[in-house]
Amino acid sequence: MRSSNRNKHVFPLALLLLGLIVFGFFLLGQTGLLRLAIISDKSMISWVILAIYAVASAYWLRVAWLLDSECRLGEKLLTSGGSPSELEEEDTRAFADSELEFLARSEESATDKVLENYAETLENRHASGQFLADLLLKLGLLGTIIGFILMLTPIGEIKEFDPSLIQQLLSTMSGGMAVALYTTLAGLLTSSLLKIQYYFLDSVLVSHVNELTKRFTRAAKIDPILS
C-alpha cells in the first residue's frame with residue numbers, strides 16, 4: 001500500500017498553503033484594509049497578534065518539514081522491508097533520531113504500543129501551535145474588552161450638555177469601537193488560519209500513522225517486515 005501524494009509532499013504543500021495566506025495578506029494590504037486596521041488600533045494588540053501569528057507560522061513550517069521527513073523516512077522503511085540496516089547511510093542517520101527505529105526493532109506484540117508512542121511524539125509537536133491559536137483568539141477578545149472600556153469611559157465624564165463636548169465624546173467612542181472591532185477581527189482571522197494550518201498537518205499525521213499501522217500489523221502475516 002502506497003502512501004498518499006499528500007504524505008509524500010507535506011513540506012511543498014505547506015509552502016503552497018503558507019504562500020496563499022501571505023498572498024491574502026498582500027491583497028488586504030493593497031486594499032488598505034490591513035493598514036487601516038493597524039493604524040486604528042490604539043491598543044497595539046493587533047500588532048502583537050500579527051507578530052505572534054508570524055512566529056507561529058514560522059514554527060508551523062518547521063513542524064511541517066519535520067513531519068515531511070518522518071513520512072519520507074517511514075516510506076523508505078516500509079519499502080526496505082522494515083529493516084534499518086537496508087537504508088542508505090544518509091537515511092540511517094535520520095532514522096536513528098526517529099521513533100521509527102524502535103518500531104522496526106520492536107517485537108510484533110509490542111508494535112501497537114510503539115505506534116501509539118510514536119503518534120503521541122508527533123502530536124506533541126503540534127501542541128504549541130494549538131496553544132498559540134487559542135492565545136490569538138483570546139488576545140482578540142481581550143482587545144474587544146479594552147475597546148469597549150475605551151468607548152464607554154468618556155460617558156462617565158459628561159457633566160453638562162455641550163455640543164462640542166458631545167462631538168469630542170463621539171470621536172473618542174468611535175476610536176474605542178475601532179479597537180474592539182479590529183482586534184477581534186485580527187484575533188479571529190489569525191486563529192482560524194493557524195487552526196487550518198495545523199488541521200492540514202494533523203490529517204497528514206493520522207494518514208501516516210494509519211499506514212504504518214496497517215503495514216506493521218495487518219499485513220504482517222502476508223508480508224512480514226518485522227525481524
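Which residues does Leu-194 touch, not counting residues up to four places away in sequence? Leu-194 touches Tyr-53, Ala-56, Gly-129, Leu-132, Ala-133 and Leu-136, where contact means heavy atoms within 4.5 Å. This is a predicted model, in which local features need pLDDT of at least 70 and side-chain atom pairs count only at pLDDT 80 or more, while totals for chains, interfaces and linings use all residues. Residues are numbered from 1 along each chain as its sequence is written, and side-chain values use heavy atoms, with hydrogens and water left out.

**Overall make-up**

- The protein has eight helices and zero strands; helices (H or I, at least four residues) and strands (E, at least two) are DSSP runs, numbered from the N terminus.
- Of the 227 residues, 39% count as buried; buried means under 20% relative accessible area, exposed over 50%, and partly exposed in between (1.4 Å probe, protein chains only).
- The protein exposes about 13200 Å², and carbon and sulfur atoms supply 64% of this area; accessible areas come from the Shrake-Rupley method with a 1.4 Å probe, and for residues only the protein chains shown count as cover.
- Among contacts between residues at least 6 apart in sequence, 80% join residues at least 24 apart.

**Nonpolar core**

- The largest nonpolar core has 32 residues; such a core is a set of buried Ala, Val, Leu, Ile, Met, Phe, Trp, Tyr and Cys residues joined through side-chain atoms within 4.5 Å.
- Helices α2, α4, α7 (111-152) and α8 (163-218) are the elements that give two or more residues to this core.
- Those with the most contacts inside the core are Val-10, Tyr-53, Trp-60, Leu-67, Leu-194, Phe-200 and Leu-201.
- In soluble globular proteins, nonpolar side chains tend to be buried together.

**Aromatic pairs**

- The whole structure holds two aromatic pairs; rings of Phe, Tyr and Trp (its six-membered ring) pair if their centres lie within 6.5 Å, and planes under 30 degrees apart count as stacked, over 60 as edge-to-face and the rest as tilted.
- Phe-23 and Phe-26 form a stacked pair, because their ring centres are 6.3 Å apart and their planes are at 25°.
- These two residues are three apart in helix α2, so about one helical turn separates Phe-23 from Phe-26.
- Phe-23 is partly exposed, at a relative accessible area of 47%, and Phe-26 is partly exposed, at 47%.
- Phe-25 and Tyr-53 form a tilted pair, with 6.0 Å centre to centre and 40° between the planes.
- Phe-25 lies in helix α2 and Tyr-53 in helix α4 (residues 45-79), so this pair ties together parts that are 28 residues apart in sequence.
- Phe-25 is buried, with a relative accessible area of 18%, and Tyr-53 is buried, with 5%.

- Met-44 is found in the loop between α3 (33-40) and α4.
- Although Met-44 is not a glycine, its phi is positive, at about 65°.
- Met-44 counts as partly exposed, at 43% relative accessibility.
- Ser-46 lies in helix α4 and is buried, with a relative accessible area of 3%.
- Not counting residues up to four places away in sequence, Ser-46 touches Ala-37, Asp-41, Tyr-182, Thr-183 and Ala-186.

**Exposed leucine**

- Leu-20 has its place in helix α2 (residues 10-31).
- Leu-20 counts as exposed, because its relative accessibility is 54%.
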